[in-house]
Each structure stands twice: as structure tokens, then as C-alpha cells.
Amino acid sequence: MNKTIFRSVLLACCIIMVFSLVFTLFFLNSYFMNIEFTNLRGQAEHIAAAVDKLGLEYFNSFKDESYRVTWIAPDGDVLYDTMADERNMDNHITRDEIASAFRTGYGHDRRFSDTLSKETLYSAVRISDGSVVRLAVTQDSIVRITLGVIPYMCIVFVVALILCTFISKRISRRIINPLNSLNLDEPLENETYEELSPLLVRIDNQNRQIQKQIDTISTRQKEFESITDNMREGMIILNSNDLIVSMNTSAMKLFGGSGKNIGHSVLVLERSVEFVNALKAARENGRSEYTFERNGYVNRLIANLIRDDNDKVLGTCILIVDETEKVLSEGMRRQFSANVSHELKTPLHSILASSELLMNNLVKDSDKMAFIGRIHKEAEHLVTLVEDIIRLSQLDETKDFPTEKVNVREIVDSVVEALEKSAEDKGVRIEKDVDDITVAGVQRLVYEIVFNLTDNAIRYNRKDGYVRISLHMEGDKAVLCVRDNGIGIPAEHQARIFERFYRVDTSHSRSTGGTGLGLSIVKHAAKVMKGTVSLESEEGSGSAFYVTLQPAPDDK
Ligand code: ADP
């Protein structure tokens, strides 16, 4: 800036100086010409007086070669010329200076002389006999004088140039120094020359506007970051050159990146063929997606091209969604359907086989009742199985069960009443130690829990065994415990018995009317009511199932 102003001022000075010098030379030339005409007239009058007195004789002694003298008769014929033969010369009556001298006594002119072949100044004076004496001098002398001035002018030019340089430097410094020391953060605090005030006021206004915009942008940025950082999905935003503009915490965890990767190519994070192809496909088609596995999780990556209103590509938004649960539940659903078909097939085959034998009269009369009894038992098992499947699928499908106040003691009583007979048949004693507790839950689901656990405790018990149902408050939870001293569950099976259709001993389960779904229903039902299920069991000694439930607000 300093240099620019300096150069501009110096250039302006130089241009002015060059113009001044050229004009000065031009005016000097005119000035010298006027002086020359004045001199020439003096000389012409002097010579004219001599010619008037001496006539042609004067020219005998004329030796000055710097002038050309011509004597012209009143009719315009040349009587004598100091530099040419008058006999060869034209009539001069029409020459401007001569015509003027004949008319007024004096005349002058400047033109190209054919005789001297140069630009020439003429001065003509009329003498007493009516003839005219004319003096001519070439312009060379004026040019010589003018050129003689140039060296002095050059000296003036150089001195002026030095002065200009000095002044330009000072001017540029005076302009620039206050500008350089301006505090642009507080423009109105500066004390500087007046002309800068409007600029400083504008800068101050702009500073305020910029600050406002920065505040808005950073607030939005923070909002955006807090939203994206709390997302379970990974999100990466790339610019049009595939450089990372933003990346949330989930994406960093997944790709092992950090804040340092912002501004760098996304390929630093991930360079798998699928990823590169997905970016390419998104650029070509606007969107692409693929599924990949990482750290034991199944993820779906969706890349979407971001365009502005004019369809210009601004970048790409990459979203990574965890689909592990979806994939697992799909697998489980497939497994469940396969199991259901298998479970249904067994009793149906048995029913078909027994009924065919009966229909074809292949059963002895004495055995018929046993066959019919088997068909009935298998049909009952089918009904129980179908009911359990329906219960489970209701639990799977219903998102929000309306919560109500449930008196668990009443439910325990009705379950005991319902199972009393089968307990008696098995020779199992049921004991109760139940507090009067009301929980926040679903009546039907609490019943399912108590019924399934008590039914299991009876079925997997031994003669003279017991089932003890207890319900107490423990901390802020209601804890239901169904304990038995039956066959117990081997340690290696304990982790899996809550899975659908998982049984420790399939034939024992079937023979006692089990479906393999009871504990799944218990676990699911407890979960729906924000409760938990746990198990303590020892093979041969018995089992204890604990279910925690949320007490109804009044009972807390
Ligand atoms: P099932 O209809 O076969 O009883 P459940 O889901 O209720 O199905 O139970 C799963 C398996 O857990 C049973 O097959 C049985 O082997 C075991 N089990 C459940 N409760 C008990 C218990 N109280 N004592 C011993 N084993 C049990």
C-alpha cells in the first residue's frame, strides 16, 4: 500500500513535470521567435536605411552570411539577392511580407524557403523609392537556442524528481502510517485524520454485523453438534472434495477417528472398496447405500448427495445406522417360525397317527380309550402351545400396555387355587409368604408370570417337594420369589432357559405339558412392566426365580 501510493504520487509528479517541460519548450520557442522577429525588423530597418542611401553599392561591402538580404523593386522584380542570382528569381509581389511592406511599410512572415530549403523568418521594410528591402534568416537559430535550454531543463527535471521522490515518500507515509496503526477491532477509538471517519464508522458497523453473524453461526453449530453428538447413528458431512466438514461422536467411534480428521479426506478414515464405490455411486445417482459389519455390529451406510437450489453439489451426507438388532431379530423371527412349525408338527403327527389307527379299526377295544386319551392330551398340548405363541406375539407386538394397579397377593391366591390340583397330584406342597403389595403393571401379565413360575416349580419338582411363593418389598422394588426344591437346573443351561423353546430336557417338558415358552413369556412380561427376572438354581437341589416389579405409587 505504502509503495503503491508512493509510486502513484511519483508517477503523477513525473507526468506533470514532463508536460511542464514540453510546454515550457514550446512557449520558449514562440518567445524566441518573437525576439528573433523583433531583431530581424531592427536589422532590416538598418540595412534598408543603408540601401536607401547607397543603392546597389551597399551590397558590394555586404559580408554577413547569417542573413539573406533581398531587394525588391516596386513592381515585385528582384533587384538583388545576397544568396541567389536575382535573374533566376520569380516576381516577389505576392509574397505576404512583401505585399504587406508595399502596403504598410513593414511586413513579416515565416514559411519554407525554396531558395534556402529551410523554414525561414522574413522581415521586409519599404524604402523611400518605393522598393522593399527584405531580410531572411533560417529558423535553425531559434531551434538552436531552444535546444540550448534543454540541459538546464534536465538539471531542473532531476532536481524536481529528487524533490518529488522525497515529497511522495512523505505523502505516502502520512497517509499510510495512521492506516497501519488503526485498531480495526475498535474502529471508533482511533484518533486519525478526519477523512477516515466515515470509513471507520462503516467498519464499526460491519464489525458489529459480523460479530452478530458469528454468534448466530456458532450457536447453530453448537446446536447442530449437540444434536448430532447425541445421535446413535453415525453422521459424517463431506464437502464437494470429499473432505470431512463434520463428524459426530458415533461416527468417530465406528471409524476410529477424532476431531483431527476434520478438514482431511474421508479416505483417511475408511478406504474400503465398498465405501469408495458408495461415494462414487452417490455422486452419480444422488444416493447409495450398503451394509457392513464392524466390531460385531451390523451397520447400514447411506450416502446422500447435498445440492443447493441451483443444483450445484455442495457435498455428501453419510449416515451410518446400527441394524444389528434388526438383523438379529429377523434371525430370531426366522428361528422362531421354524421352531413353531416343528413344535406343532409333533402333536399333530401323534393325533393323526392315533386317529388313523382308530378309523381303520386297528385298535383293540380295550386300548381305544387310551388312544382317545392320547389324542385329547395332544390336542390340549396344541391348544396350550398356540395360546403361548399368541401370548408371546402379543407381547412382541404391543408397544404400550396400559399400566394399572395390580394386587399381587390376590393374583398369587388365584394361581395357587388354579394349580392346587396339579400340585396335589404331584405330591407337592405350596407355601405362601406374601405381603399385601400393589404394583404398577398389567393384571394379565402379572398372572402369566406367577402362573408360569409356579407351574414350572410344580412340574419340575419331586414327590413331597415344596413350592414357596413369597412377595416382599426390597428397597424400592417389589420382589416376587418362586422357590422349589425340585430337580434344579444344571449351571450350563441356566443362561439359555429364557430363550424361546429352550428346554433342559425336552421329553420331560413335553410329558408334563410344557411348551418351552413359559419362561420367555415371564421374561418378556417382566420387561414390559419395567421389571427384571433372575435365577438361582442348583442341579438336584431346586431353583428360585426372582421377579422385580414396580410398586404402585401409593405403596412405595
Ligand atoms: P417348559 O414349557 O418346557 O417348562 P419353560 O420356558 O417354562 O418351558 O422352561 C424352560 C425350561 O427350563 C424347562 O424346559 C425346564 O427344563 C427348565 N425349568 C424351568 N423352570 C424350572 C424349575 N423350576 N426347575 C427346574 N427346571 C426348570
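Of the 556 residues of the chain, 38% count as buried in this predicted model. The accessible surface of the chain comes to about 33100 Å². Carbon and sulfur atoms hold 54% of that surface. Along the principal axes, the C-alpha atoms fill a box of roughly 190 × 65 × 35 Å. Contacts were also sorted by separation in sequence. Among contacts in the chain with a separation of 6 or more, 55% join residues 24 or more positions apart.

The chain has 14 helices and 17 strands. Its radius of gyration is 61 Å. The globule rule gives 24 Å for 556 residues, so the chain is more spread out than a compact globule.

Strand β1 covers residues 68–72, and strand β5 covers residues 132–138. These two strands pair in the antiparallel sense over five bridges. Arginine 68 has alanine 136 in β5 as its bridge partner.

Another open sheet of five strands has the order β12-β14-β15-β17-β16. Here the pairing is mixed. β12 (429–434) and β16 (532–538) stand at the edges. Each has a single partner strand, so one side of each is left without a neighbour in the sheet. The twist averages 15° from one strand to the next. β12 pairs with strand β14 (residues 466–474) in the parallel sense, over six bridges. Within this pairing, the bridge partner of valine 434 is leucine 471 in β14. Two helices can be described with this sheet. Helix α10 (residues 408–426) packs on the sheet and touches β12, β14, β15 (477–484) and β17 (542–549). Its direction makes about 175° with that of β12. Helix α14 (residues 518–528) also packs on the sheet, touching β16 and β17. The direction of α14 makes about 140° with that of β16.

Cysteines were examined next. A disulfide is a covalent bond between the sulfur atoms of two cysteines. Two cysteine sulfur atoms count as a disulfide if they lie within 2.5 Å. By this rule, the count comes to zero disulfides. Cysteine 13 is in no disulfide: the nearest cysteine sulfur, that of cysteine 164, is 3.6 Å away. Cysteine 13 is buried, with a relative accessible area of 19%. For cysteine 154, the closest cysteine sulfur belongs to cysteine 14. That sulfur is 13 Å away, too far for a bond. Cysteine 154 is partly exposed, and its relative accessible area is 42%.

Serine 246 sits in strand β7 (residues 244–247). Serine 246 touches Phe224, Met235, Ile236, Ile237 and Ile262, leaving aside residues up to four places away in sequence. Glutamate 189 lies in the loop between α4 (140–180) and α5 (197–229). Glutamate 189 and leucine 200 are eleven residues apart in sequence. In space, their C-alpha atoms are 9.3 Å apart.

Notes
Residues numbered from 1 in each chain as written. Predicted model: local features only at pLDDT ≥ 70, side-chain atom pairs only at ≥ 80, totals over all residues. Heavy atoms only, no water. Buried < 20%, exposed > 50% of the residue type's maximum accessible area, 1.4 Å probe, protein only. Pairing = 2+ DSSP bridges. Helix = DSSP H or I, 4+ residues; strand = E, 2+ residues; numbered from the N terminus. Rg over C-alpha atoms; globule rule 2.2 N^0.38 Å. Contact = heavy atoms within 4.5 Å. Areas by Shrake-Rupley, 256 points an atom, 1.4 Å probe, with all protein chains shown as cover. Axes fitted to C-alpha atoms, helices over the stretch in contact; angles between N-to-C directions.
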